[in-house]
Amino acid sequence: MNALDNHSFAKMNGVGNEIVVVDLRDSSAAVGAGEARAIAVSVPYDQLMVLHKPRLQGTAAFIRIFNNDGSEAGACGNGMRCVARRMFEASGERGLTVETRAGILNAWQGPSPELFTVDMGAPKFSWQDIPLAEEFRDTRYIELQVGPIDAPILHSPSVVSMGNPHAIFWVDDIHAYDLERFGPLLENHPIFPDRANITLAHIADRDRIEMRTWERGAGLTKACGSAACATAVAAARLKRANRAVTTVLPGGELAIEWREKDDHVLMTGTADFEYEGRFDPSLFASVA
């Protein structure tokens with residue numbers, strides 16, 4: 001018998017990023033890679049947000065984040081907004097602090113009832129912190145390309161860590177490339193020892209960026225919050241966009257602000273509830 005048998009879950013989405021929230025704060029149950037993959041078979045998701053009892057004073061929970069292939073992620077902004085909505089509805093509060101593998105994250109009710117803001121912390125730019133497999137002094141662009149040397153299809157991405165590694169390729173048309181084909185190759189490129197999220201981005205103007213993302217461990221997704229943050233930051237570093245922009249993803253829009261006073265990145269968007277359910281015990285029958 002698995003401790004998750006018949007346990008409740010919430011299916012949600014953040015601008016199309018498919019999220020499952022499981023609250024284990026009152027349980028001794030644990031989720032591993034096997035359980036995460038089993039859940040994805042029955043309840044398809046991009047990220048699984050698992051809430052555990054807080055480990056640090058002043059936090060509401062310790063959250064483990066799984067991709068649908070069973071691997072763990074350090075951060076998921078869209079998932080955090082979904083967690084915030086669930087916890088705010090249960091507690092009546094308007095702000096919370098949680099711990100993730102990427103560190104402490106704060107979230108609060110946004111400028112209107114349907115919006116939620118997450119402080120994703122400060123981006124990291126050094127090659128060791130992203131991480132990359134070799135040294136690049138300037139990570140605004142790195143030497144990486146797809147296709148022939150003299151006529152590359154994609155080249156010179158910006159790289160940033162937002163708790164997860166991100167590579168952003170600047171293009172004129174985000175729909176002109178087969179991201180489902182190139183995404184897995186670039187995600188697993190040797191330059192990224194921890195794999196990477198791969199984004200195609202077009203700067204429409206200084207206040208608006210269009211983007212599509214192949215998400216590490218999840219695949220092609222309608223939205224990736226940390227990628228939206230990384231893309232906005234990378235565009236501002238290149239002085240091609242303002243520090244507060246709207247990112248346009250296949251699933252909707254996210255407002256991103258790279259705050260000057262502390263370098264933290266704030267992400268604001270919706271968190272939609274879809275349904276609540278319980279896990280069928282048969283899901284975990286083959287999980288060791």
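Ala, Val, Leu, Ile, Met, Phe, Trp, Tyr, Cys and Pro count here as nonpolar, Asp, Glu, Lys and Arg as charged, and the others, Gly among them, as polar. The model is predicted: local features need pLDDT of at least 70, side-chain atom pairs count only at pLDDT 80 or more, and totals for chains, interfaces and linings use all residues. Residues are numbered from 1 along each chain as its sequence is written, and side-chain values use heavy atoms, with hydrogens and water left out.

A pocket is an open set of points on a 1 Å grid over the protein atoms alone, with protein on both sides within 12 Å along at least five of seven lines; a cavity is a set where a 1.4 Å probe fits but cannot get out; lining residues have an atom within 4 Å of a point. Points are joined across faces, edges and corners, and a volume is the space filled by probe spheres set on them.

The second largest pocket holds about 220 Å³. Its lining has 13 residues, and V21, D23, R25, R86 and E276 are the closest to its centre. By class, seven are nonpolar, one is polar and five are charged. Helix α2 gives the largest share, four residues. Helices (H or I, at least four residues) and strands (E, at least two) are DSSP runs, numbered from the N terminus.

The largest pocket has a volume of about 260 Å³. Strand β7 (residues 103-109) supplies the largest share of its lining, three residues.

One cavity of 30 Å³ or more was found in the whole structure.
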